[in-house]
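I opened this notebook to record, entry by entry, what I looked up in the structure and how each term was meant.

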Amino acid sequence: MKIIAVGRNYAEHIKELNNEQPDDPVIFTKPETAILRTNEPFYFPDFSTDVHYEVEILVKISRTGKNIDEKFAHKYYDEIGIGIDFTARDLQSKLKAKGLPWDLAKGFNGSAPISPFVPKTEFADLQNLNFRLDINGETRQQGNTSLMLFKFDYLISFVSRYFLLQQGDILFTGTPKGVGPVQVGDRLTAYLEDRNMLEFDVK
Ligand code: MG
């Protein structure tokens, strides 16, 4: 499986990082080894002093496809979840300044904690989904999918022009505003609507 992620997909988050609004989705990948499942702890890496949380809705690909038309994209996913796109912001900023790829800052071990997946049919409207991240019981990030610049179906269509999508692939669909650093000892809890989906510690 592979993890495909979208950067700069919420206007307010683009502003907080002083980035430009893109014409096309900004796509990057993480290796499978980035995944943390079943509320395993996240171990703070030794190469960074500024690891940021980015809470994001996940889409799990359910069948193989390429060059998928946007109007058929909904047939390629049955389940959604929530995850954290951990980012070594200090390292990413250095790499960005030099025009170099972000992989080390985004794809390191444990940089992709993910929740279990639930059927998308459990939600009335995927384009109006609330999600949030609490740290130590305090809400730090809150988003709604209606604020996405590029919607799920468009993202799937766009990505499938370049990557063959396969069953089990996971799409991180971008983070809303409010990103910030985590500290050792923090407890992160991510909610899809009011459901506690993911809860783990930073060690
Ligand atoms: Mg992200």
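Entry 1, metal site. I took as donors the N, O and S atoms within 2.8 Å of the metal (3.2 Å for Na, K and Ca), and since water is not among the atoms, sites may look incomplete. The donors of the magnesium ion follow the spacing E-x1-E-x28-D along the chain, and I found them to be Glu54 (OE), Glu56 (OE) and Asp85 (OD), at 2.0 to 2.1 Å. The model is predicted, so I noted that local features need pLDDT of at least 70 and side-chain atom pairs count only at pLDDT 80 or more, while totals for chains, interfaces and linings use all residues. Residues are numbered from 1 along each chain as its sequence is written, and side-chain values use heavy atoms, with hydrogens and water left out.

I then looked up burial, where buried means under 20% relative accessible area, exposed over 50%, and partly exposed in between (1.4 Å probe, protein chains only). Glutamate 54 counts as buried at 4% relative accessibility, and glutamate 56 counts as buried at 0%.

Helices (H or I, at least four residues) and strands (E, at least two) are DSSP runs, numbered from the N terminus. In H2, residues 89–97, I listed Arg89, Leu91, Gln92 and Leu95 as buried. Seen down the axis of H2, these buried residues fall within an arc of 155 degrees (taken over the directions from the helix axis to the C-beta atoms), so they line one face of the helix. On the other side of H2, I found Lys94 and Ala97 exposed. With contact meaning heavy atoms within 4.5 Å, the buried residues of H2 pack against strand E4 (51–53), strand E7 (87–88) and helix H3 (103–106). H2 is followed by glycine 99, whose phi is positive, near 70 degrees.

Most residues other than glycine have a negative phi. I noted arginine 8, with a positive phi of about 55 degrees although it is not a glycine, in the loop between strand E1 (3–7) and helix H1 (11–16). Asparagine 136, also not a glycine, has a positive phi of about 50 degrees and is placed in the loop between strand E10 (130–135) and E11; asparagine 136 is partly exposed, with a relative accessible area of 47%.

I counted two strands as paired if DSSP finds at least two bridges between them. An open sheet of 4 strands has the order E11-E10-E14-E15, with antiparallel pairing. Strand E11 (138–144) and strand E15 (195–201) stand at the edges with a single partner strand each, so one side of each is left without a neighbour in the sheet. Strand E14 (residues 187–192) pairs with E15 in the antiparallel sense over 6 bridges, and I found alanine 190 opposite leucine 198 in E15.

Where does glutamine 166 lie? I placed glutamine 166 in the loop between helix H4 (152–159) and strand E12 (170–172), partly exposed with a relative accessible area of 38%. Not counting residues up to four places away in sequence, glutamine 166 touches Lys2, Ile61, Arg63 and Thr64. The C-alpha atoms of glutamine 166 and aspartate 23, 143 residues apart along the chain, are separated by 26 Å.
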